[in-house]
Amino acid sequence: MGSKMKKETTFMYALIPLLFLIGSLFYAIQIAHIDVHIPILVSAFFAAGVAIFGLNYTWNEIEAGMVETIKMALGAIIILMIIGMVVGTWIQSGVVPTMIFYGLKILSPGIFLPATVIICAIVSVATGSSWTTAATVGIALIGVGEGLGIPRNIVAGAIISGAYMGDKLSPLSDTTNLAPAMAGATLFEHIKHMLYTTVPSFIISIILFGFIGSKYTGAALNTGMIDGILTTLNGNFNISPLLLLVPVIVIGAVIMKVPAIPGLFGGAILGGIAAMVFQGASLGSVFSTLHYGYSAESGLPMVDDLLNRGGLDSMMWTVSLILCAMILGGIMEKTQMLATLAMKILSVAHSTGNLILVTILTPIFVNSIAGDQYLSIVVPGRMFKDAYTEKGLHPKNLSRSLEDAGTLTSPLIPWNTCGAYMIATLGLAPWTYVPYCFLNLINPIIAIIYGYTGFSIEKIEKEKVEVEA
């Protein structure tokens with residue numbers, strides 16, 4: 001017998017796996033207090049069951065969808081594994097301790113958080129990568145912030161806000177190129193149009209971080225703790241400004257358009273060489289650090305908690321989470337469940353404001369369900385392109401909205417590739433840093449306000465409409 005004819009993926013068929021996923025995640029997070037890997041994987045196979053028995057898909061078709069989506073994430077997974085190696089050798093070599101050492105000497109609590117946002121934004125614009133920013137200056141700024149007595153979650157919020165502001169506006173960023181490609185806009189008109197939402201969000205974020213930082217300025221600075229950290233770092237590492245050449249070379253390589261994977265792997269190797277030259281490490285210990293991470297007993301627990309990190313193994317929890325999310329996303333993409341849910345959302349978009357609203361909400365939804373920022377741009381971009389044309393709206397309105405929501409909310413969701421990466425790289429607990437990612441939270445709200453007020457919402461030129469008519 002031949003294969004059965006496929007049924008249409010109705011809203012109810014798409015909704016059932018979504019409700020199952022929501023219930024599974026609620027149980028895992030709120031009741032059982034367990035990792036979300038297994039609930040996501042179980043939800044994926046539940047969705048597969050719905051597709052096979054309800055929609056007449058074959059397992060081979062579903063498996064092909066899973067594999068295709070996992071392929072999209074393979075580059076991110078490889079980078080993630082290499083970043084673990086970079087973190088390990090940069091600590092062992094003294095690169096990170098040196099950055100922390102000088103940072104504690106230069107930065108004060110009052111200016112630290114706004115300075116962190118600005119520094120990360122500059123590095124991210126230059127490199128086009130929020131991930132590279134977090135893995136280089138980000139891990140050092142985490143150490144400086146804790147040394148100044150500022151909680152890690154707040155510092156992480158400043159790092160992520162700055163890193164994603166730069167990533168969003170950089171012409172070197174993959175998502176900045178992907179969004180206009182999906183919407184039918186050009187790269188630089190897309191970037192210029194994003195300034196309307198991004199610059200106000202950035203300014204508000206700096207003000208908020210300045211306000212938070214002022215609270216730490218008023219408190220008595222624990223100079224004894226800082227002196228203890230400085231003494232411990234100086235006693236366990238050969239601190240030298242020459243070590244700062246390692247991150248400078250890596251960031252420079254990315255700016256010069258060296259591909260991320262070889263560029264970052266080169267950074268890990270440079271860190272290993274620096275460990276042997278500056279710290280007297282053996283080749284065997286460098287290999288061990290690349291695999292298992294840096295481990296030492298400095299005599300100060302706070303320094304140990306900060307520096308005993310990194311290595312290939314440290315990223316395996318995150319890699320497995322990404323794979324589980326990609327399996328679910330692949331199944332729902334292949335069986336048209338994501339597209340069906342997106343179309344249902346689009347059905348309520350009768351006005352320009354509502355269209356912008358659903359364009360903001362849909363990437364957030366896809367980020368949560370599919371676990372990948374690329375899908376959060378590709379799926380809504382593909383679904384909403386004609387709707388914008390029908391309403392006479394310029395494609396750059398769509399491309400901007402895709403980034404305002406798809407790019408910026410991706411690090412807020414722990415099982416998303418970006419959220420999992422930030423949690424692993426910066427040493428965070430899921431959700432705890434989210435309230436402090438001010439730019440990522442404010443930007444979508446501003447975009448929605450613009451949609452309803454009409455501010456900066458550009459129409460297609462009349463001449464073009466008349467020609468088409």
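## Pockets in the predicted model

A pocket is an open set of grid points with protein on both sides within 12 Å along at least five of seven lines. The structure described here is a predicted model.

## Second largest pocket

By this criterion, the second largest pocket has a volume of about 370 Å³. It is lined by 14 residues, and those closest to its centre are Met99, Ile119, Val137, Ala140 and Leu244. Two or more lining residues come from each of the helices α4 (95–106), α6 and α11 (245–255).

The lining of the second largest pocket comprises 13 nonpolar residues and 1 polar residue, with no charged residues.

## Largest pocket

The volume of the largest pocket is about 490 Å³. Its lining consists of 25 residues, of which Ile79, Gly128, Ser129, Asp174 and Ala260 are closest to the centre. The elements contributing two or more residues to this lining are α3 (59–92), α6 (130–147), α8 (174–183), α12 (260–278) and α18 (373–390).

With 4 residues, α3 gives the most to the lining of the largest pocket. Classified by residue type, this lining contains 11 nonpolar, 10 polar and 4 charged residues.

## Nonpolar surface patch

Phe265, Ile269, Ile273, Met276, Val277, Leu283 and Phe287 form a nonpolar surface patch of about 650 Å². At least two residues of the patch are supplied by each of α12 and α13 (283–292), and the largest share, 5 residues, comes from α12.

Val277, a member of the patch, is located in helix α12. Val277 is classed as exposed because its relative accessible area is 61%, whereas the cut-off for that class is over 50%.

Terms used. Residues numbered from 1 in each chain as written. Predicted model: local features only at pLDDT ≥ 70, side-chain atom pairs only at ≥ 80, totals over all residues. Heavy atoms only, no water. 1 Å grid on protein atoms, 1.4 Å probe; cavity = no way out; pocket = protein on both sides within 12 Å on 5 of 7 lines; lining within 4 Å. Points joined across faces, edges and corners; volume = space filled by probe spheres on them. Nonpolar A, V, L, I, M, F, W, Y, C, P; charged D, E, K, R; others polar. Patch = residues over 30% accessible without salt bridge, like charges linked within 9 Å, V, L, I, M, F, W, Y side chains within 5 Å. Areas by Shrake-Rupley, 256 points an atom, 1.4 Å probe, with all protein chains shown as cover. Salt bridge = Lys/Arg side-chain N within 4 Å of Asp/Glu carboxyl O. Buried < 20%, exposed > 50% of the residue type's maximum accessible area, 1.4 Å probe, protein only.
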